[in-house]
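Welcome! Please take a moment to look over the sequence and the structure shown below, and then we will walk through a few parts together.

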Amino acid sequence: MGRTSKLLLSAAAAVLAGTMPALSAWQPQKPIEFVATAGPGGGTDNLARAVQNIITKHKLVEQPIVVVNKGGGSGAEGYVYGKASAGDPYKVIFGTSNAWQQPLVSKVAFNYTDLTPIAAMAQDEFLLWVKQDAPYKTAGDYLKAAASGEFKMGGAQSKDTDEVLTRMIEKAGKVKLTYIPFKSGAETAVQLAGGHLESHVNNPSESLGQWRGGTQRPLCVFSPKRLPQGPKVTATEGWSDIPTCVEQGLDIKQYEQPRTVWLPGKVTPDQAAFYVDLMKKVQATPEWKDYIEKTSQVDTFLTGAEFDKFIKEDLEHVKQVAGEQGWLVK
Amino acid sequence: MISRRALELATAVLTGSFGVTVVVSSLDNGIGWSSTGVEAGTFPFLTGIIIVLGSLYNLVRSVLPAATLANVPIAITSIELRRLAGLFVPAAIFVAAIPLAGMYVASSLYVFTVLAIPRHQSVPRALAMAAATALALYVVFERMFQVSLPHGALAAALGF
Amino acid sequence: MENLSELWHGFTIAVTVPHLALMVVGVLLGILVGVLPGLGAPNGVSLLLPLTFGMQPVSAIILLSSMYWGALFGGSVTSILFNIPGEPSSVATTFDGYPMARDGRPTTALATAFGSAAFGALIGVILITFLATWVAQVALAFGPAEYFAVYFLAFASFVGMGGAAPVKTIVALAIGFAIAAIGIDTVSGSVRLTMGVDELVKGVNFVVAVMGLFGIGELLVAVEEEFHARAVSSKIEWREVFRAIGRLPRHSVALLRSAAIGCWMGITPGGPTAASFMSYGIARRFSRRGRHFGTGEVEGIISPETADHAAGTSALLPMLSLGIPGSATAAVMMGGLMIWGLNPGPMLFVDQKDFVWGLIASMYVGNIVAVALVLLTVPVFAALMRIPFVVIAPLIVIICVVGAYSVSNSYLDVVMMLGFGIVGYLFKKLFYPLAPLVLAIVIGDKAEDAFRQSMLMSKGSLSIFFANKLVTCLIVAGLALLLLPLVLQLARLWRKPAAPAAETTAQEKVII
């Protein structure tokens, strides 16, 4: 880092420090716990640790931060813990859309309304992957072949994002797929490489190595437009070369998984505002950009009413799919 | 004094009731085959049934004349029972005290009590060991590995 | 021999002064987290991970993997000295390690364990060096049906061999399966067997169960037997360390067999835990002194330890070549790889030759460093056995309590651990075997998942377990191991119709 930029940074920090009391009256007085609702090494855990590193490196908070993994029960452990810590502004919960999807389909002892939403910080894309030597070149070919009804689709967890998307593909493509749930996306990717499955819908980072290594390739991305230009992944292709699924006749415009940040319920608006502000500052750092790029996620920041609207819309959508499949818990 | 038979009986009842709980709660998840494959309750249900049947067998065996059972009719003598209680009761109190007193205070009190009260160690030595325990826990867990041990309701009330 | 020259290149990277220093630091830290139950290699790795961001990827992975070796070795210490296995894979080490230590031979037990562990690890690394590509291919052949077959084989080789009453074995096994099922079910996503306790949705962690069953349970048995009267003359004996190592070659059959089992289970997705149990089970069946297993037999320590480390080492290969983390530690390391800008997967061997071969070379050197350091600590650890029982007992209680808590910062876990302690005591007292219960807790839910995934794939037909040569062989081997003792027993009954009743009481001496 050059001297000028260092100067600029410290100037910016001084400005920030000066304005901080005005933005949020509340300041943490003791160590903060980051609760990752996933086991070590998962996407959510990586996010929590990346945020922790950025905050520590830039000294955005005076107090130390500890990351705790509570990934039991597909993340339910962490959310239940958040619910039990109502009123405690020293617990920050990192999760996904699980927070509102899981209570719909299984009898877990929490709902997203038990928590205070802070922000959705990044969106993970979904792609349709097949084995490298599979005969189909486009999503259209894939759907035609899948009409036989013998296709096996793998995914992480059951009645979670991957299976919801699978059911959407079934509906949009008028096919029937056998969904096989595994523990994680990484495990699913290996099963596809071994030829035990026909396809899966992993996030980019979960199958990046496999694509580079030539054991599987993406057919299309579930996104309204192609992914941003980046370095080539294989010799000839990069993320931006993958067509969207709509282009290829699989009419699912958008399907994304947000990485979400929560506080326990019953915290004061001041306390919530402090963390919203903190996450905004994290997002402004070059390390964050680097993290987003390396994990092939999309940088977004939803908070307040926007975030609420996003949750409501997603909830309606999942409710519809889950209702059709008969998954809703009574 | 506890006879072998009574202990066998109690254990069989314990495992049996666990089995019944498993069977009952697995029924909620559905048993058998559905469009989503083998239903979630099937395996727990089967294991529950096995536990119940096995426990019943053990129960019946323990009621039958002791000749088939074992060569020692007495499982725990009263002296042994006292020794067991001497270890387990303080440990249970220690665990029960953690939410209130926190791990550090509870563990040092526990070490001090079990060493000093039965006069296994002199009071100053017991004190030193109690303090060393709490300090070691703090350094290794809280400092080195960033595992935050419970500080307890008392500490929270005092503002730690 | 292209691999050999690559390896040589790797050594030039790994054997430098800074890297050797990193290894020593990593190993020492690893021994510390390994010895403390509840803390494991994942804790250490996540502690060190932020420190590694500024390092070269090779240096970073050398530091982290050395810690992994240290933790693997350290995990056996508490198993042998206090009957508290800190990791699932060191449970089988307690069966003979603890009796031997209690018998006044802690130095022998520890040195034997470390020596055979180092041998196992060495075989694992050699396998990685020369058969990397082949191994990766083998691992790919494993779908759900094959996974199930491997778990089945592990169960079959272990269960049905104990000396306990059959019905009690079955009850213990079934309880283990039920405990493994608690929490969210992967295949259906529904919550199972929480019995109204919301927090149980996370499931029952193995460490919590084992610290209670083994640690507290053994403490209760010991206090009752007036354990403090024991006069263990465990002097600090350096010579005994070397003597124990020197005696290892006498058990070369057991060493080689266990290393083979370990490598096989490490490549196939069985993992170190299944490997150590299976190796112990098979050793007990085929060793000449099999009847004495459970009383402090040398081969009872060699077999699980060698297999554990052979599997632990060769399990790192799928992580590198396929990007599947075989364990929690591997998962954190993989997170690290991504942060360092490397993508685990098939291309790593092509793109990052320095990194991969530096790591493989460091496995050789790191293991030598680890075993040297850990052997130095043997007399120190063995001296712990001389602390009077009244002093060590409360410390063990605290270790178990803190260990159970730190698994997932949950007070409920501590209470459950204490409950498991009572169960462990009762089971031990009444000759219910604990090992099948623990094995079922560790791999029961994985076996169930694999079975149900297979059923989904085959639409409910059992023929999937005979669909190809690989899975058929595994299942047949499993069935054979399961039925062999029954057949032998029937044959014996045929020859000697009147089974002596006294046998039951005689059998109740040693139960695994």
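Which exposed residues does the face of H11(A) turned away from its buried side carry? They are Ala305(A), Asp308(A), Lys309(A), Lys312(A), Glu313(A), Glu316(A), Gln320(A), Gly323(A) and Glu324(A); exposed means that 12 or fewer other C-beta atoms, placed from the backbone, lie within 10 Å of a residue's own, and buried means 20 or more.

## Reading the model

This is a predicted model, in which local features need pLDDT of at least 70, side-chain atom pairs count only at pLDDT 80 or more, and totals for chains, interfaces and linings use all residues. Residues are numbered from 1 along each chain as its sequence is written, while chains are lettered from A and ligands numbered from 1 in the order in which they are written.

## Helix H11 of chain A

Helix H11(A) covers residues 304-325; helices here are DSSP runs of H or I with at least four residues, and strands are E runs of at least two, numbered from the N terminus. Ile311(A), Val318(A) and Val321(A) are buried in H11(A). They lie on the same side of the helix because they cover an arc of only 100 degrees around its axis, judged by the directions from the axis to the C-beta atoms.

The buried residues of H11(A) pack against helices H4 (98-105) and H6 (161-173) of chain A. Just after H11(A) comes Gly326(A), with a positive phi of about 75 degrees.

## Where chains A and C meet

Chain A has 44 residues in contact with 41 residues of chain C, a contact being two C-beta atoms, placed from the backbone, within 7 Å. H7(A) gives the largest share of chain A's side, six residues.

Technical notes: Expected span 1.5 Å × (residues − 1).
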